[in-house]
Amino acid sequence: MTTLVQALYIVAFALFIYGLMGLTGPRTAVRGNLIAAAGMGIAVVATLLQPGMSNWVLIALGVVIGTLLGVPAAKQVKMTAMPQMVALFNGVGGGAVALIAWVEFNNTAGFTIDEFGNEPHAHVMVASLFGAIVGSVSFWGSLVAYGKLQELIPGRPISLGRSQQLVNGLVLLAALACAVAIGFGSDAQLLIIGTLVFAAALGLLVVLPIGGADMPVVISLLNALTGLSAAAAGLALNNTAMIVAGMIVGASGSILTNLMAKAMNRSIPAIVAGGFGGGVAAVGRELGDKTHRETNAADAAVQMAYANQVVVVPGYGMAVAQAQHAVKDMARLLENKGVEVKYAIHPVAGRMPGHMNVLLAEADVPYEQLKEMDEINGEFNRTDVALVIGANDVTNPAARNDPSSPIHGMPILNVDESKSVIVLKRSMNPGFAGIENELYYSPGTAMLFGDAKASVESVIEELKAL
């Protein structure tokens with residue numbers, strides 16, 4: 001039976017890796033997800049086949065409860081709320097690892113004996129305590145990220161001021177002190193509880209001071225931490241599938257976090273130390289002429305109908321309005337008139353990695369029309385109309401022009417180089433980072449106010465009349 005279990009584990013993590021390869025492209029992403037899901041199913045079966053497995057009623061009950069909670073949530077969640085769901089589900093993984101560590105502590109007399117009455121190897125204790133701390137940080141940090149994205153708590157940084165890092169350091173030391181005491185053989189129940197509680201406080205204290213604009217990076221970072229904690233739990237439990245799956249999640253999450261931080265020209269330590277954004281306008285230079293120009297659907301339609309190239313720049317405003325299908329319909333009308341339409345995708349547009357790609361793929365926008373920032377930036381200077389739909393911070397020229405801006409140095413989409421810019425927005429309020437956008441006051445920019453979907457539908461009607 002042991003040989004069969006190990007063979008199934010090998011098949012499972014081979015499918016994990018093969019499925020991950022499918023996620024490298026939009027066309028193969030669905031297949032990749034299904035392959036990885038099949039691998040996870042095999043891993044679960046292999047775990048249940050291990051000798052000594054019992055408590056089948058509790059296992060079945062857990063599967064039923066998880067299915068009843070997870071499937072409807074995944075099916076009913078709106079695309080605008082997908083980042084929140086990812087944050088929440090990721091946190092549950094970290095919380096599960098923390099609970100496993102607690103249970104193992106109770107079942108092994110403080111990690112001093114294994115299930116056979118023998119003294120376990122030191123790596124089992126270290127891995128369990130590592131999983132307890134990191135899993136707890138990930139769980140509570142993910143809850144804060146969920147609350148900020150869901151606007152249950154303010155998106156702006158909530159910090160203790162200059163003493164924030166000192167408090168964080170003391171809380172971390174307290175969690176490590178409890179873990180070290182356990183490592184020296186203490187089986188006091190208060191120590192493992194103290195480890196989990198101090199780690200939970202650290203998760204809260206680290207994420208609360210991070211502003212809403214940094215949430216995509218935070219979600220990716222917490223996802224990596226959950227993966228590492230799961231790998232540690234797999235090491236403690238001698239579960240091959242958990243080790244491999246956890247390391248894949250941890251490694252891929254770490255790479256993605258680094259790439260996203262670079263896309264924002266910010267270091268990961270700077271983000272963790274306290275991000276910018278959310279709630280109030282950030283300090284920057286005073287804009288000379290703060291007069292904006294407005295337009296209407298008819299004028300916007302005329303401009304785009306007689307353009308050679310139109311570049312659509314989607315942002316969170318498109319997601320909120322669920323305007324992606326209307327945008328696709330508008331693009332089809334423009335293409336029928338001989339206009340070339342492309343979509344400019346910033347790495348951190350929206351509230352999670354790939355948010356805009358998923359929305360546009362849902363509307364069946366051709367993948368070849370989706371252009372990443374490095375690819376599209378060279379084309380704005382020959383673009384007749386850039387249509388910006390709710391993308392604020394990733395189009396703000398202050399990132400290039402204003403050294404005093406909090407986003408200075410962040411790579412942006414160079415929409416201001418287009419011959420004409422039309423911005424679809426509800427109002428002149430700043431974006432999620434709370435930074436006023438210089439683009440809106442540029443002579444070449446016109447604002448089309450209103451719900452993005454309604455505005456695009458109005459443009460569509462005007463295009464049909466031309």
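Leaving aside its neighbours within four places in sequence, T445 is in contact (heavy atoms within 4.5 Å) with R293, V421, V423, L439 and Y440. Before we go on, note that this is a predicted model, in which local features need pLDDT of at least 70, side-chain atom pairs count only at pLDDT 80 or more, and totals for chains, interfaces and linings use all residues. Residues are numbered from 1 along each chain as its sequence is written, and side-chain values use heavy atoms, with hydrogens and water left out.

T445 belongs to strand β6, residues 445-449; helices (H or I, at least four residues) and strands (E, at least two) are DSSP runs, numbered from the N terminus. With a relative accessible area of 0%, T445 is buried, where buried means under 20% relative accessible area, exposed over 50% and partly exposed in between (1.4 Å probe, protein chains only). The T445 side chain also reaches the backbone oxygen of L439, at 2.9 Å.

Let us turn to strand β2. Residues 340-345 form this strand, and five of its six residues are buried. Strand β1 (residues 309-314) runs parallel to β2, and four bridges join them; two strands pair if DSSP finds at least two bridges between them. Here V311 stands opposite K342 in β2. Strand β3 (residues 370-372) is also parallel to β2, joined to it by three bridges, and A344 has K371 in β3 as its bridge partner. Together, β2, helix α14 (residues 355-362) and β3 make a right-handed β-α-β unit: with the strands pointing away from the viewer, the path from the first strand over the helix to the second runs clockwise.

A344 turns up again among the contacts of L413, which touches V313, A344, H346, M373, I376, N377, F380, V394 and T395, not counting residues up to four places away in sequence. In the largest one, of 54 residues, V313, F380, L413 and V415 touch the most other members. Such a core is a set of buried Ala, Val, Leu, Ile, Met, Phe, Trp, Tyr and Cys residues joined through side-chain atoms within 4.5 Å.

Finally, the structure holds one aromatic pair. The ring centres of F139 and W140 are 5.1 Å apart and the planes lie at 80°, so the pair is edge-to-face; rings of Phe, Tyr and Trp (its six-membered ring) pair if their centres lie within 6.5 Å, with planes under 30 degrees apart counted as stacked, over 60 as edge-to-face and the rest as tilted. F139 is partly exposed at 24% relative accessible area, and W140 counts as partly exposed at 34%.

Technical notes: A polar contact is a pair of N or O atoms within 3.5 Å; within protein, one must be able to donate a hydrogen and the other to accept it, and residues adjacent in sequence count only if both atoms are side-chain atoms.
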